[in-house]
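This report looks at domains, chain contacts, helix packing and sheets. The structure comes first, then the details.

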Amino acid sequence: MTPEPSESEISARLIAFIRERFLDGDAAGELDETSPLLEWGVINSLNSVILLSFISEEFGTPYLLENIDATTFKSVRNITMMLSDGNQRSRR
Amino acid sequence: MSLHQLVIAAAARDPGAVAVAGPGGELRYGDLDRQANALAQVLAGHGVGPGDRVLIWLDKSPLAIIAMQAVLRLGAAYVPASGTTPVGRVAFMARDCGARVVCAPGVLHSLISAELRSDARCLNLDDRSWQHEGPGTPVNHLVQSAELAYILYTSGSTGTPKGVCISHGNARAFIDWAVHELGVQPGDRLANHAPFTFDLSVLDLYAAFAAGAAVCLVSAGLAYAPGRLADFLHRQRISIWYSVPSALIMMMRDGRLLDRAAPESLRAVLFAGEPFPIRYVRSLADWTSARLLNLYGPTETNVCTFHEVTPADLERDRPAPIGRPASGSKVWAEKPDGRAPHGDDTGELIVDGPTVMLGYWGSAPQLGPYRTGDIVRLLADGSFDYVGRDDYLVKVRGHRLELGEVEAALSSHHDAAEVAVITSGEGIDCRLLAFIVLRAEANSGILAFKRHCSVSLPPYMIPDEIFFVTKLPRTVNGKLDRAALIDVVQLSVKEPAS
């Protein structure tokens, strides 16, 4: 069984995906864990679906659909927290 | 009867009936009446009186409705801003309309600048001591129907938002129409999907209050959770749903709305704000036997035409018509030469009547008919088909915005030499695209520009995609060639910032 990714790994993979998919690489490297994704218009109601399908493929859907709303997408840190909560719950 | 008296009357009829359902609990008419009265007294203590404006900067919630009602009871007008409205935009709105008080919860309250504090009193809504006050003296200022009830700020082509001023009478004209047309009853549960900053929300709130029905608030966060949005319809036993088509499409496409039988409670689905591709309307019609109504009207005129979808519409290859006059409006089309269009000709839709706004805040009053800028075709049965627009006011997934305002925000970035903004795609697939020619030695990337926009623009006005180009395509006359910009996207010729 593959070990579950650590929080820092989850964050790094999310940041890499968002940079590549929504920010054309973000060459200036401005995106970090705490960047307000909704406020800055990085994530919107359309591409949040793309991000969710990435999460589902990448992390095997540990997230719980009923836990997802705008708060989840506020920052990479919030998404990471939701995912690691999901991991802990599925282990129980 | 004015907008606040609808609540006072409903509370007198049945104080125990639910007026507002979540987020953050239910509010019964008796409680709404008492709390609005108590907050009105607090606002009066801050000097709010007839003719004043009060800005309410707050996420959609029962508390926001209490605040709106409190302001109206004093004979003042409210100016709604949502929690996602940037502080810079709120400050502009407050200064522009000369707000006497800005109401905000603590978390937003702390962002209010010293400059704004010197112009307006700021009321921290986290202090709720007034909620426990007794009935107190009723505050119920009698207003004339032509008096200002609220101001909705919409995107402005010159780079700053403009305030659409709506009177109690303007609002009542289309609310009364809606209550009658839909037969809204005390047992009804109306969904409120639109933010309070958008005119669609006015119908949800006040049609419910006029009938003593419940309005069920969809929290702003659910826009990112189509599955939960679809679930909301069932859980809240919604009988009347009203939203932009994009929201319904998202629920069908990403939220598995159609996988489950339609809730039995649902009896009307209303949509407005953008053309609804007919294939999705067909799916809705297969799913529910509820009435499907296409409503039309810019913020400036409120709902002025409507059309109930018929089986024949579903056979069309284009969206349902926007229909015939509603709300006592007079509606007609004119060609640029002032004559009526005939046959397949198109013309601009013009509206006159009780729903037409008082005017833009700070501008001359709107006397007489309002020219919508929307191009329509008159159908053989006397109804109108929406064709498009002849200017740069666009709809992006149901949100109305002026391309000029987005361009102004981008242009104010120190690294931008030239900018152009266009839309690509239609309906839910519509995207806002920005093209930027950078100054020499510029080093800003996409995120820097998005972040810069977020200072003055709400999230829905921030470009979805930003392309850095070496020059903007121009026509032989030197005008921006927007069609050529679309080619740039299609060819994917983009030069990332490096």
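Ile436(B) lies opposite Phe468(B) of β25(B). The model is predicted. Strand β24 (residues 431-438) of chain B pairs with β25(B) in the parallel sense. Four bridges hold that pairing.

These strands belong to an open sheet of three, ordered β23-β24-β25 in chain B. Its pairing is mixed. β23 (416-424) and β25 (465-468) of chain B are the edge strands, each with a single partner, so one side of each has no neighbour in the sheet. From one strand to the next, the twist averages 20°. Helix α13 (residues 403-411) of chain B lies across β23 and β24 of chain B. Helix α13 of chain B runs at about 150° to β23(B).

## The four-stranded sheet

A second topic is the open sheet of four strands in chain B, with the order β16-β17-β19-β20. Here the pairing is antiparallel. The edges are β16 (330-334) and β20 (384-389) of chain B. Each has a single partner strand, so one side of each is left without a neighbour in the sheet. Neighbouring strands are turned by 45° against each other on average, direction ignored.

The pairings can be followed across the sheet. β16(B) is joined by five bridges to strand β17 (residues 347-352) of chain B, and the two run antiparallel. Glu334(B) stands opposite Glu348(B) in β17(B). Next, β17(B) and β19(B) run antiparallel, joined by four bridges. Val351(B) has Tyr370(B) in β19(B) as its bridge partner. Strand β19 (residues 370-378) of chain B then pairs with β20(B), antiparallel, over five bridges. Ile375(B) stands opposite Gly388(B) in β20(B).

## Helices α2 and α3 of chain B

Helix α2 (residues 29-45) and helix α3 (residues 62-73) of chain B cross at roughly 60°. Their axes come within 8 Å. α2(B) and α3(B) are therefore oblique to each other. The crossing of α2(B) past α3(B) is right-handed.

From α2(B), the contact takes Leu32(B), Gln35(B), Ala36(B), Asn37(B), Leu39(B), Ala40(B) and Leu43(B). From α3(B) come Ile65(B), Ile66(B), Ala67(B), Gln69(B), Ala70(B), Val71(B) and Arg73(B). By class, the contact of α2(B) with α3(B) has 10 nonpolar, three polar and one charged residues.

## Helices α7 and α8 of chain B

Helix α7 (residues 168-182) and helix α8 (residues 200-211) of chain B have axes that come within 9 Å and cross at roughly 65°. That angle makes α7(B) roughly perpendicular to α8(B). α7(B) passes α8(B) in a right-handed crossing.

On the α7(B) side are Ala171(B), Phe174(B), Ile175(B), Ala178(B) and Val179(B). They meet Val202(B), Leu203(B), Tyr206(B), Ala207(B), Ala210(B) and Ala211(B) in α8(B). The contact of α7(B) with α8(B) has 11 nonpolar residues, no polar and no charged ones.

## Helices α9 and α10 of chain B

Helix α9 (residues 226-235) of chain B packs against α10(B) at an angle of about 105°. The axes are 8 Å apart. α9(B) and α10(B) are therefore roughly perpendicular to each other.

Pro226(B), Leu229(B) and Ala230(B) of α9(B) make the contact with Met250(B), Met251(B) and Asp254(B) of α10(B). The contact of α9(B) with α10(B) divides into five nonpolar residues, no polar and one charged.

## Domains of chain B

Chain B is assigned domain 1 (3-387) and domain 2 (393-491). Over C-alpha atoms, the domain centres are 29 Å apart. In the contact between them, 22 residues of domain 1 of chain B touch 19 residues of domain 2 of chain B.

Which helix gives the most to the side of domain 1 of chain B that touches domain 2 of chain B? α10(B) does, with five residues. On that side, α4 (87-97) and α10 (245-254) of chain B each supply at least two residues. The residues of the side of domain 1 of chain B that touches domain 2 of chain B divide into eight nonpolar, 12 polar and two charged.

## Contact between the chains

25 residues of chain A are in contact with 27 residues of chain B. The side of chain A that touches chain B has 13 nonpolar, six polar and six charged residues.

How values were computed. Residues are numbered from 1 along each chain as its sequence is written. Chains are lettered from A and ligands numbered from 1 in the order in which they are written. This is a predicted model: local features need pLDDT of at least 70, side-chain atom pairs count only at pLDDT 80 or more; totals for chains, interfaces and linings use all residues. Domain bounds come from an automatic or database domain assignment. Two residues are in contact if their C-beta atoms, placed from the backbone, lie within 7 Å. Ala, Val, Leu, Ile, Met, Phe, Trp, Tyr, Cys and Pro count as nonpolar, Asp, Glu, Lys and Arg as charged, and the others, Gly among them, as polar. Axes are lines fitted to C-alpha atoms, for helices over the stretch in contact, and angles run from 0 to 180 degrees between N-to-C directions. Angles under 35 degrees count as roughly parallel, over 145 as roughly antiparallel, 65 to 115 as roughly perpendicular and the rest as oblique. A crossing is left-handed if the near helix is turned anticlockwise from the far one by less than a right angle, and right-handed if clockwise. Two strands pair if DSSP finds at least two bridges between them.
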